[in-house]
Amino acid sequence: MAANAKIPNDPAPPPGPHPGPPPGPTRLGRTLRRTKWLVVLVWLALAAAGTVLAAGLGDVQRDDAAAYLPGGYESSVVAELTEPDAGHPRAETALVVFSREQGPLTDADRAAVTAGRTALAAVDAPGVGQPGAPVVSDDGRAALVPVRIQPGHADDERLENGVAALRTALDGVGGSGLRVQVAGEAALGVDNSGGDVDAALMLTSMVIVAVLLLLTYRSPVLWLVPLLAALAAVLTARGAAYGLARAGLSVTDLSSAILIVLVFGAATDYALLLLARYREELARHPDRHEAMAEALRRTTPAIVASAGTVVAGLLCLLVADLAGLRGLGPVAASGIAVALLAMLTLLPALLVCAGRWLLWPRSPYPGKPRGADSHRMWSALGSRVVRRPLRYAVLTTLALAAGAVGLTGLHTSADPLDKVPPSAESAAGQRVLTGHFPDGVSAPLTVVLPADAAPRTLRAAERTAAALPGVAAAERGDPVAGRPTVRVELDVDPYGDAARDTIRRLRADLARVTDGALVGGTPAVQLDYRSAALDDTRRIVPLVLLAVAAILTLLLRSLVAPLVLMAANVLSFAASLGLATLVFDHVMGFGGVAADLFVYIFVFLVALGVDYTIFLMERVREERRHAPTREAVHRGLTATGGVITAAGLVLAGTFAALGQIPDVTVAEVGIAVAIGVLIDTFLVRSLLIPAAVTLLGEKTWWPSRPPRR
């Protein structure tokens, strides 16, 4: 068929790339026959060991400041001085807020504040200290009572239990228009974490994968096999994460949550691709071992390249300054490597151990494909795309560009309040604090001076801080690690632009007072975190693009195709983040996003999004050996359309499961990646890439030459 031949209107599937009789026994087929049970036993042992190790993952996970702060910044040094032992964190303060929405506090309200403080003093919970004296706001409409909670060690539940005990003690206090809420850093942290969510996240991911596999295969038993193989991969990967944490990597709650959904989603994607080809080969081979051997031979390059792009993208995170981001790279990359090994060894072994009955009621046999060669819908779509490639390329590009317009509403926020669900009690209490008390009351700065600072130096530091615009008060604070300190309260939003300017000026002015002065505290932490996140973005984004482009070049043996695919991928990322921003703002009611959110979403969308393009283009390249590029695109889309769509739905579903986590940043990552995967699945891979490759024709593969047919 000539390169410009017309694709027929008949939606029947085109012939396969190797329609001849199946070959005789192969070495891989014989290996599968001999080792299948051994492989299953080895993986059972690995999963069991991973389960045992993962039980201790919570003990080595880090959720302290050092796990997230960039190293070498002033706020990092202050945090280390304040909390020198990560295993024994500093006390956190809960602020109990009493407020009246209309009018000032009444005498009855003030009596209720006194009664509430008495109830708080009677709380008998480990780590909960005595409440401080009530402080009434200048407008007389709110009062606060501080309570410090001291954790015993990094992984105990004193904060969670302490905040819960405070809230229980205050039941019945208030009423008649008086609101009582527990806020402050302790309550914000508890409402942000939601406790141990790994078990719920794993269960949700399993249910999503099971339902989608059941709908995909419509078999009462087949869906269990990839699900069990994926579960074994997750358990093993969590055990590996424990080992990495013990080796010194920073494994955070976010890393643990992402690892679960990433391995579940990626493993199931690889399983779907292999299973689809296995069904095709069962329709040709009477021996299931030979069918699996041929399926592995045909799909392994695409699966390895797919996993390689994700691993390469994740390892680029090693250059990050942010410890949590840097630690996520090898943890998630090891999970992808485990998923790859499981789907290329355990899944084939399970399938050939069970036999063809596993695919009942649609078990293919030679001469009875039972739907293994039925791709009518995707053949029809492929015919339309390759007949009118310019129309589809323009329309999908415009649609993606329209989605990218949502980026105009994207703004970053350093306010910890924006990491907590808007409906949380601590969020509501924090808004009351902001409305009735000076901005810096709940988030003061801490100036730490050298240990040998003279009294006059301390007084000079106080005067310098108090004289700055944006500072409400500066007074001597409690010593930190034997060093004198100054407590600085701001009279501007501690996480806004004005506060950032004040902190920068304070650091510059203090440098003229004495050498070695450090400015820390939560607002300073957020300023330094934002700076580090922007630096990380500038380093990581080009590295990820180069790594993915290099793998595509090696896989496709072309210089043109990777450029086209990467351009489509970047446009898809922009559209995905734009649409996600609209969801964050207008559906979920979230505030501004964290400064490092861009990096997380970019790495996952670019690395994972290109997976489906790899699956498609590897099949197109295979078909090109037997047909011109235009027809190869039609055949490739026909053969892979169903399986890639199912894979996209699975991966999107597993990442969407992150939306149930109280940490807003983690939920935003899950929602944005889910949106991006769906866009890649239904627009980029189904329409834009086939249309672009058809328009380019044989130029797609330059400098490779067309194969002889």
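This is a predicted model: local features need pLDDT of at least 70, side-chain atom pairs count only at pLDDT 80 or more; totals for chains, interfaces and linings use all residues.

Residues are numbered from 1 along each chain as its sequence is written, and side-chain values use heavy atoms, with hydrogens and water left out.

**Stop 1**

Select residues 184–193, which form helix 6. Helices (H or I, at least four residues) and strands (E, at least two) are DSSP runs, numbered from the N terminus. Helix 6 is largely enclosed by the rest of the structure, because 8 of its 10 residues are buried. Buried means under 20% relative accessible area, exposed over 50%, and partly exposed in between (1.4 Å probe, protein chains only). The buried residues of helix 6 are Gly184, Ala186, Ala187, Leu188, Val190, Asp191, Asn192 and Ser193. They pack against strand 1 (92–100), strand 3 (142–149), helix 5 (158–169), strand 4 (178–183), helix 14 (425–436) and helix 21 (664–696); contact here means heavy atoms within 4.5 Å.

Next select Thr93, in strand 1. Thr93 is buried, with a relative accessible area of 17%. Leaving out residues up to four places away in sequence, Thr93 touches Pro146, Val147, Arg148, Ala183, Gly184, Glu185 and Ala186.

**Stop 2: the nonpolar cores**

A nonpolar core is a set of buried Ala, Val, Leu, Ile, Met, Phe, Trp, Tyr and Cys residues joined through side-chain atoms within 4.5 Å. Which members of the largest core, with its 159 residues, touch the most other members? Select Tyr278, Leu314 and Phe604 to see them. Helix 9 (residues 253–282) gives this core its largest share, 19 residues. Centre on Leu314: apart from residues up to four places away in sequence, Leu314 touches Leu262, Gly329, Ala332, Ala333, Ile336, Val603 and Phe604. There is also a second, separate core of 24 residues, and Phe98, Ala143, Leu166 and Val182 are among them.

**Stop 3: helix 8 against helix 11**

Show helix 8 (residues 224–246) together with helix 11, which spans residues 323–354. Their axes are 8 Å apart and the helices pack at an angle of about 145°. Axes are lines fitted to C-alpha atoms, for helices over the stretch in contact, and angles run from 0 to 180 degrees between N-to-C directions. Helix 8 passes helix 11 in a right-handed crossing. A crossing is right-handed if the near helix is turned clockwise from the far one by less than a right angle, and left-handed if anticlockwise. On the helix 8 side the contact residues include Val225, Ala229, Ala233 and Leu244, and on the helix 11 side they include Val331, Val338, Leu346 and Leu351. By class, this contact has 19 nonpolar, 3 polar and no charged residues. Ala, Val, Leu, Ile, Met, Phe, Trp, Tyr, Cys and Pro count as nonpolar, Asp, Glu, Lys and Arg as charged, and the others, Gly among them, as polar.

Stay on helix 11 and pick Val352. Val352 is buried at 0% relative accessibility. Beyond residues up to four places away in sequence, Val352 touches Lys36, Tyr278, Arg288, His289 and Met292.

**Stop 4: helix 17 against helix 18**

Move to helix 17 (residues 522–556) and helix 18 (residues 560–588), whose axes come within 9 Å and cross at roughly 140°. That makes helix 17 oblique to helix 18. The crossing of helix 17 past helix 18 is right-handed. Among the contact residues are Leu545, Ala549 and Leu552 of helix 17 and Ala561, Leu565 and Met566 of helix 18. Arg557 sits in the loop between helix 17 and helix 18 and has a positive phi of about 55°.

**Stop 5: backbone details**

Most residues other than glycine have a negative phi, and most peptide bonds are trans. Select Ala481, in the loop between strand 6 (471–476) and strand 7 (485–490); its phi is near 55°. Is Ala481 buried or exposed? Ala481 is exposed, with a relative accessible area of 56%. Finish at Trp702 and Pro703, joined by a cis peptide bond with omega about 10°. Pro703 lies in the segment after helix 21.

Methods: Angles under 35 degrees count as roughly parallel, over 145 as roughly antiparallel, 65 to 115 as roughly perpendicular and the rest as oblique.
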